[in-house]
Amino acid sequence: MDRRGHLRRHRPAAPRHRRGGGHGQRLLPEESLKALARNRGGKLPRLVWALDNEPSGHRYTRKHVRLARELGYACEAAQIPQRERKVDWNDLHQRWAFIDDADKRAERIERDLAEARYHGALLIAESAAEKGMLMYDWRERLEFHFGFENRLYWFRMDVEKYNKARQQLENSDSHEDALLNEKQRREKALRQCGTVVEIANCYPQALYFQRNEVTDESWYYFRVDFPTTRRRCATPSPVARWRRPASSRSACWAWPPARCSPAAAHSWTRL
């Protein structure tokens, strides 16, 4: 059974994904989106872009979402998280097919699709603040680091400020606030209390650790991506540089044009 057959079997409506000429660039081009809008009489469907979770899929997902939104479509994205081995949508549908119990299969489908939509939302987030809030909603960790457009950020939820914001919304005389339900009040309070700080204008990822037993020296090796260029470098950094926040910030400067924010000193102590 091909991918479209799996999609029909598990209910979501989906167009055929044509691979010829590259990953996704022929999937619903501008002309097709305009034709769909005409055929629907202006009643546009919500589009969920579910390309494979790989660099070209990321690039075309963002491109298609941007184009479709300009034409008036509401868009989401879905990305299957990649763990021990590469998994695509065919693999996911086949995995569901092996679950005999209908209730367990439906539960697994719902869980997998929710996770895929979460990762898709992270991919098409329009700002670091939006991505940070999505990650907080998913795991509810009070503090964490994350990357956005090859920059390193720190998210922090101020619980005390959140509790005050919730109380203010519940006691507000505003007609608009009075119309909010419990979920909407929570979301509005969270948006007011989540803080996002840029730590560095690059995105370093630790690759591996190396030690010289003869000289008793050791290094971390990092891959460093930069937002304004295609440059990517893999570079060693002595372990001693990462033992204190001040020296770890100076270690970042060894990756020009990288710069680390002195204002984010607290965040460096938690990395």
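Student: What makes α7 oblique to α9?

Tutor: In this predicted model, helix α7 (residues 159–170) and helix α9 (residues 182–193) pack at an angle of about 135°, and their axes lie 9 Å apart. Angles under 35 degrees count as roughly parallel, over 145 as roughly antiparallel, 65 to 115 as roughly perpendicular and the rest as oblique, and α7 is therefore oblique to α9. The angle runs from 0 to 180 degrees between N-to-C directions, with axes fitted to C-alpha atoms, for helices over the stretch in contact; the helices are DSSP runs (H or I, at least four residues), and strands are too (E, at least two), numbered from the N terminus.

Student: Which residues make the contact of α7 and α9?

Tutor: From α7 come Lys 161, Tyr 162, Ala 165, Arg 166, Leu 169 and Glu 170, while α9 contributes residues including Arg 185, Ala 189, Leu 190 and Cys 193, where contact means heavy atoms within 4.5 Å. By class there are 6 nonpolar, 1 polar and 7 charged residues, with Ala, Val, Leu, Ile, Met, Phe, Trp, Tyr, Cys and Pro counted as nonpolar, Asp, Glu, Lys and Arg as charged, and the others, Gly among them, as polar.

Student: Why are α4 and α5 called roughly antiparallel?

Tutor: Helix α4 (residues 89–97) and helix α5 (residues 102–123) pack at about 160°, with axes 10 Å apart, and α4 and α5 are therefore roughly antiparallel to each other. Trp 89, Leu 92, Arg 95 and Trp 96 of α4 take part in this contact, as do residues of α5 that include Ile 109, Asp 112 and Leu 113; the classes here are 6 nonpolar, no polar and 4 charged.

Student: What is the angle at which α5 and α6 pack?

Tutor: The angle is about 160°, with the axes of α5 and α6 9 Å apart, and α5 and α6 are therefore roughly antiparallel to each other. Ala 114, Glu 115, Tyr 118, Ala 121 and Leu 122 in α5 meet Lys 131, Leu 134, Met 135 and Trp 138 in α6, and this contact divides into 7 nonpolar, no polar and 2 charged residues.

Student: Which element gives the largest share of the lining of the largest pocket?

Tutor: That element is α3, with 8 residues. The lining as a whole divides into 13 nonpolar, 8 polar and 14 charged residues.

Student: How far can I rely on these details, and how are residues numbered?

Tutor: Residues are numbered from 1 along each chain as its sequence is written, and side-chain values use heavy atoms, with hydrogens and water left out. Because the model is predicted, local features need pLDDT of at least 70 and side-chain atom pairs count only at pLDDT 80 or more, whereas totals for chains, interfaces and linings use all residues.
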